[in-house]
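Try each task on your own before reading its solution.

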Amino acid sequence: MPRRFADKVALIAGGTGGLGRAVTMAFLEEGASVIVPYRRQPEMDSLTRFAGDLRSQLHGYFADLADDSAASDFIGNLLGAEGRLDVVVNAVGAYAGGAKLWQTDAAEFDRMLAVNLRAGFALLHAALPPLVKRGGGVIINVASRAALDHSGAAAGYVASKAAAVAMIDSLAADLKGTGVRANSILPGIIDTEANRRAMPTADFAKWPKPEAIARIILFLCSDEAALINGAAIPVYGDA
Ligand SMILES: NC(=O)c1ccc[n+]([C@@H]2O[C@H](COP(=O)([O-])OP(=O)(O)OC[C@H]3O[C@@H](n4cnc5c(N)ncnc54)[C@H](OP(=O)(O)O)[C@@H]3O)[C@@H](O)[C@H]2O)c1
């Protein structure tokens with residue numbers, strides 16, 4: 001196992017989730033200190049148990065990223081404790097669908113924008129100044145295939161993910177010459193426990209595994225990907 005991230009600090013927002021857990025494990029296995037903001041203690045406890053012998057490299061911080069001041073305080077506390085930050089992966093997200101636009105509850109539309117777009121803005125708004133000042137770091141935002149393939153009955157989700165890709169593309173332009181890079185990845189349906197529960201009759205074999213997507217994220221965060229900035233990379237295999 002290579003240890004490309006020994007001595008690095010990786011912030012995995014959404015690190016307790018179905019994809020985030022695999023990303024957290026992949027960074028731990030390659031030597032990183034991994035910081036996970038969490039809202040629910042049992043989820044963090046479960047991730048810590050899952051980390052097994054690597055748990056000493058894992059640090060959870062209670063933070064609701066939907067709250068701007070909580071996101072800012074979280075980054076301040078993280079920098080105070082760790083002294084540095086090298087990687088930010090935003091795997092925070094939620095899905096709501098099933099209703100046509102005119103049947104969609106406005107509050108549900110706003111929730112999609114809040115969790116899939118606004119939380120990422122708050123996180124990056126707080127996290128980027130120290131990275132830019134130091135002249136190094138990598139940002140990965142987990143968007144969705146839905147940012148490109150605009151299916152019906154998901155206006156809020158599709159709009160929030162498309163906007164998130166545009167935001168990261170604009171950020172990548174802002175970052176030119178700073179030594180910091182920002183890219184999006186676009187998963188289709190991932191083989192998570194939640195998706196298996198929600199779609200029990202689906203062919204799970206067609207769904208990419210979280211661990212496979214995590215390996216791509218690690219590549220994008222590694223020095224081998226130093227030339228990649230402003231990309232939105234499909235990660236849905238044959239699906
Ligand atoms: N699963 C898929 O098939 C799929 C497909 C395409 C794209 N994606 C995208 O991939 C990403 C990860 O998906 P997933 O399946 O791993 O989702 P998930 O299991 O629901 O995980 C989402 C994570 O985000 C956290 N979170 C949500 N709101 C938060 C907030 N305000 N502050 C802090 N943390 C918050 C959740 O923590 P809590 O426990 O506190 O809620 C959880 O850790 C998302 O952006 C999703 O849209 C997923």
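**Exercise 1.** Find the handedness of the crossing in which H4 passes H5, and describe how the two helices pack.

*Solution.* Start with the crossing: H4 passes H5 in a right-handed way. A crossing is left-handed if the near helix is turned anticlockwise from the far one by less than a right angle, and right-handed if clockwise. Helices (H or I, at least four residues) and strands (E, at least two) are DSSP runs, numbered from the N terminus. This is a predicted model, where local features need pLDDT of at least 70, side-chain atom pairs count only at pLDDT 80 or more, and totals for chains, interfaces and linings use all residues. Residues are numbered from 1 along each chain as its sequence is written.

Next, take the geometry. H4 and helix H5 (residues 155–174) have axes 7 Å apart and pack at an angle of about 20 degrees. Axes are lines fitted to C-alpha atoms, for helices over the stretch in contact, and angles run from 0 to 180 degrees between N-to-C directions. H4 and H5 are therefore roughly parallel to each other. Angles under 35 degrees count as roughly parallel, over 145 as roughly antiparallel, 65 to 115 as roughly perpendicular and the rest as oblique.

Finally, look at who meets whom. The H4 side includes Phe109, Met112 and Leu113, and the H5 side includes Ala163, Ala164 and Met167. Two residues are in contact if their C-beta atoms, placed from the backbone, lie within 7 Å. The residues of the contact of H4 with H5 divide into 12 nonpolar, four polar and two charged. Here Ala, Val, Leu, Ile, Met, Phe, Trp, Tyr, Cys and Pro count as nonpolar, Asp, Glu, Lys and Arg as charged, and the others, Gly among them, as polar.

**Exercise 2.** Work out how H1 lies against H2.

*Solution.* The axes of H1 and helix H2 (residues 41–51) cross at roughly 40 degrees and come within 11 Å. That makes H1 oblique to H2. Their crossing is right-handed. Arg21, Thr24, Met25 and Leu28 of H1 meet Leu47, Phe50 and Ala51 of H2. By type, the residues of this contact are five nonpolar, one polar and one charged.

**Exercise 3.** Which residues come nearest to the ligand, and which helices supply its shell?

*Solution.* Of the 28 residues around the ligand, the nearest are Gly14, Gly17, Leu19, Arg39 and Gly93. A residue is near a molecule or strand if its C-beta atom, placed from the backbone, lies within 6 Å of it. Helices H1 (18–29), H4 (106–134) and H6 (193–198) each supply at least two residues of the shell. H1 gives the most, with three residues. The shell holds 15 nonpolar, nine polar and four charged residues.

**Exercise 4.** Is Asp169 exposed, partly exposed or buried, and what does Asp169 touch?

*Solution.* First place the residue: Asp169 sits in helix H5. Asp169 is partly exposed, because 16 other C-beta atoms lie within 10 Å. A residue is buried if 20 or more other C-beta atoms lie within 10 Å of its own, exposed if 12 or fewer, and partly exposed in between, with C-beta atoms placed from the backbone. Not counting residues up to four places away in sequence, Asp169 touches Gly230 and Ala232. Asp169 and Gly230 are 61 residues apart in sequence, yet 4.9 Å apart in space, C-alpha to C-alpha.
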